Amino acid sequence: MDLRQIRYFVAACEEGSLSAAANRLNCTASGVSQQMSALEARLKTSLLERTRRGVNPTSAGWRFYNRCLVVLRAVCEAEMELEDFSAGLSGKVCAGFAPGLAKSVLPQALTRYTREFPNVDIEIASGTADALVHEAAEGTLDFYVGQYGESQIGLTAISINKYPVALVSGSRRGLTPMMPVDLSDLPHLKLSVPSATHSLRPKIEEAIRSGEMAVERTISIASLSAGLEFVAQSDWSSILPYWIGLKELGNERVTVNPIEAPDITVSLTLIHPAQRPLSRAARQLYDYFVQELNRSQTEWQRITR
């Protein structure tokens, strides 16, 4: 057994297809198939169940998959440790942050990080939350921070915390800035909601279904910036994480109101490829981001008391 067989097997489990695993690994499907057959012969057990739609790990395959992740993580950690020993904090970090975090919290963390670590190249991905989760699953990103729905094979998910949300409305809606609101008592509420699965949308829809808020109309807008601009030009509103509300406090075209009821919070999660732990450079960027997030939360708590 060698590392190549382990990597092929992990890719087959996570992709659910030998051809998809081959595409991911830049090799041929026949090569992956041959390696899997050789691996099963060596271990004298069936690891993958072949079907018309692809492959599924057997019970033994799932157990072996988890062991393989430990091996691959250990190899990555050893490589990272040697790189750090020879070059200090250097290399490249590719990270994704939910659009609101990228706009409201990340810039301050990046300013500090780029100043203190000039030998690290940084690539910050953009797009919807769903697209960024997909990139993390493909291994394009070292990590992603944002909302995360159902667990997904091949990804490690670490809960960060739960955070308050705010109502951001066009100023013509006539609400008193920073006055706490109960959405069940707010008449003629028209909501702009995000389209991403990994967003506040599921919680908003559940609150509407349960009657915790009465909504007259909704519109789904994928882009955060487009949604905010629409709200600013109308009497519509949007339920958004507090960090966006905090950022918009100086915008005279919108009003920001803490939400008293219903009890809606936004949960943030750190996710990264299961077989690849965070490098030292990636971990440092994440730590600086969390420090800035905590600072902004303290500021929100101060002004909403």
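Predicted model: local features only at pLDDT ≥ 70, side-chain atom pairs only at ≥ 80, totals over all residues.
Local features need pLDDT of at least 70 and side-chain atom pairs count only at pLDDT 80 or more, while totals for chains, interfaces and linings use all residues. Residues are numbered from 1 along each chain as its sequence is written, and side-chain values use heavy atoms, with hydrogens and water left out.

The cavity comes first. Here a cavity is a set of points, on a 1 Å grid over the protein atoms alone, where a 1.4 Å probe fits but cannot get out. Grid points are joined across faces, edges and corners, and the volume is the space filled by probe spheres set on the points. Searching the whole structure turns up one cavity of 30 Å³ or more, and the volume of the largest cavity is about 390 Å³. Its lining (residues with an atom within 4 Å of a point) takes in 29 residues, of which Pro-99, Pro-194, Ser-199, Leu-224 and Leu-240 sit closest to the centre. Two or more lining residues come from each of helix H5 (99–104), strand S8 (189–193), helix H9 (224–232), strand S10 (237–241) and helix H10 (242–247). Helices (H or I, at least four residues) and strands (E, at least two) are DSSP runs, numbered from the N terminus.

Next, the hairpin. Strands S1 (residues 48–51) and S2 (residues 54–57) run antiparallel and are joined by four bridges; pairing requires that DSSP finds at least two bridges between the strands. Two residues lie between S1 and S2 in this hairpin, and Glu-49 faces Asn-56 in S2.

On to the cysteines. No disulfides (pairs of cysteine sulfur atoms within 2.5 Å) show up in the whole structure: the search finds zero. For Cys-13, the closest cysteine sulfur is that of Cys-68, and at 7.6 Å it is too far for a bond. Both residues are buried (under 20% relative accessible area; exposed is over 50%, partly exposed in between; 1.4 Å probe, protein chains only): Cys-13 has 6% relative accessibility and Cys-68 has 1%.

Lastly, Arg-4 belongs to helix H1 (residues 3–15). Arg-4 is partly exposed because its relative accessible area is 43%. Its C-alpha atom is 37 Å from that of Ser-199, which is 195 residues away along the chain.

Notes:
1 Å grid on protein atoms, 1.4 Å probe; cavity = no way out; pocket = protein on both sides within 12 Å on 5 of 7 lines; lining within 4 Å.
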